[in-house]
Amino acid sequence: MNAMVSYYRDTVHNPGLEYCDVTMCRCKAKKGQRRSLGKPTKESQELVNERNRKMAFERMIVANFAEGRDLWVLLTFDEGHKPESRAEVKAEMDKFLRRVKRAWEKREPSAWEAEHNKGRLLPLKHVYVIEGHDGGKRFHVHLNITGGLSEQRIKELWGKAQIVNARTLQASEKGFEAMTAYVSKQGGLEKGEHHWYASRNMVKPETAEHNGQIGKDSVEELAKEIEDINAHIGEGVVPTEERFAAIEERYPGYYLAEASAVHIEQFGEWVIHLKLYRKDTEAGKRETRRRRDERRDIAARRAAFGAL
């Protein structure tokens, strides 16, 4: 008889980067045999697929692009260049990115490259999402690209725009979560079509797995703490710094942005998901100031009312 192996795994995606996320789940299976989870419904599987797709897209953005350096670009089409299909949009993007590459190789180093990369040009990376569908909404493109060309230069290279909007990539404490909305707006895709198109030099997000470093009782306590915190947030109450301590002490140098805990009734197990951001990001610096002000306010109120 095969022995049963059971432990909790703590998986950190994009460890050490500005934004990372963590999944805690129980791994339980007979050696050499996968556990059957039963056949999911079509609707539940679609929800799982969309969630995984959005998380994969965000992790890719975090691993390859930097806040304050790289660009988010919106590309549209005027009436004279209006495409009729996603295939036409893809063909136009292929030609546009070839023009961008030629301009990239001729440009001078940016201020960021001069300061942080010894004046060497960064490798040109891109990922884009086509929004719209054949015979429906007007097509447009959301593009993330390595910073180095100006908005005016990008507009010149595109040459088909009703609107070109380029801005420096910005993130919230939840990282680039807002960008995943583009991925979920596309509806059904035809065979051979993709939710996004990326350059071949994109780095695969790293993961760090820690097996058995947290026990079942600790996970259950953490899950109940997360449920309680989220209940208070739902009521409009901002949790104090101490409420986050049990989670943040596991990840030094990071603040907690979001936490969720789901109980899998079928197996009596918890799955925990955390989103974290580094304290030295702009969002982290804002949170440091907020917590400092909160501590000062609490200390002042205690002093004003005196000890009980």
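1. Strand E3 (residues 71-76) pairs with E6 in the antiparallel sense, over five bridges. Two strands pair if DSSP finds at least two bridges between them. Tryptophan 72 has arginine 167 in E6 as its bridge partner. Strands (E, at least two residues) and helices (H or I, at least four) are DSSP runs, numbered from the N terminus.

2. The model is predicted: local features need pLDDT of at least 70, side-chain atom pairs count only at pLDDT 80 or more, and totals for chains, interfaces and linings use all residues. Residues are numbered from 1 along each chain as its sequence is written, and side-chain values use heavy atoms, with hydrogens and water left out.

3. The open sheet has five strands in the order E6-E3-E5-E4-E7, with antiparallel pairing. Strand E6 (164-168) and strand E7 (197-198) are the edges; each has a single partner strand, so one side of each lacks a neighbour in the sheet.

4. Helix H2 (residues 86-106) lies across E3, strand E4 (126-131), strand E5 (140-145) and E7. H2 runs at about 155° to E4. Helix H4 (residues 151-158) lies across E3 and E6, at about 145° to E6.

5. There are six aromatic pairs in the structure. In one of them, the ring centres of phenylalanine 96 and tryptophan 158 are 5.1 Å apart and the planes stand at 85°, so the pair is edge-to-face (centres within 6.5 Å, planes over 60 degrees apart). Phenylalanine 96 lies in helix H2 and tryptophan 158 in helix H4, so the pair ties together parts 62 residues apart in sequence.

6. What lines the largest cavity? Leu71, Val100, Trp104, Ile145, Thr146, Leu149 and Ile154 do.

Definitions and conventions. 1 Å grid on protein atoms, 1.4 Å probe; cavity = no way out; pocket = protein on both sides within 12 Å on 5 of 7 lines; lining within 4 Å. Contact = heavy atoms within 4.5 Å. Axes fitted to C-alpha atoms, helices over the stretch in contact; angles between N-to-C directions. Phe/Tyr/Trp six-rings, centres within 6.5 Å; stacked < 30°, edge-to-face > 60°.
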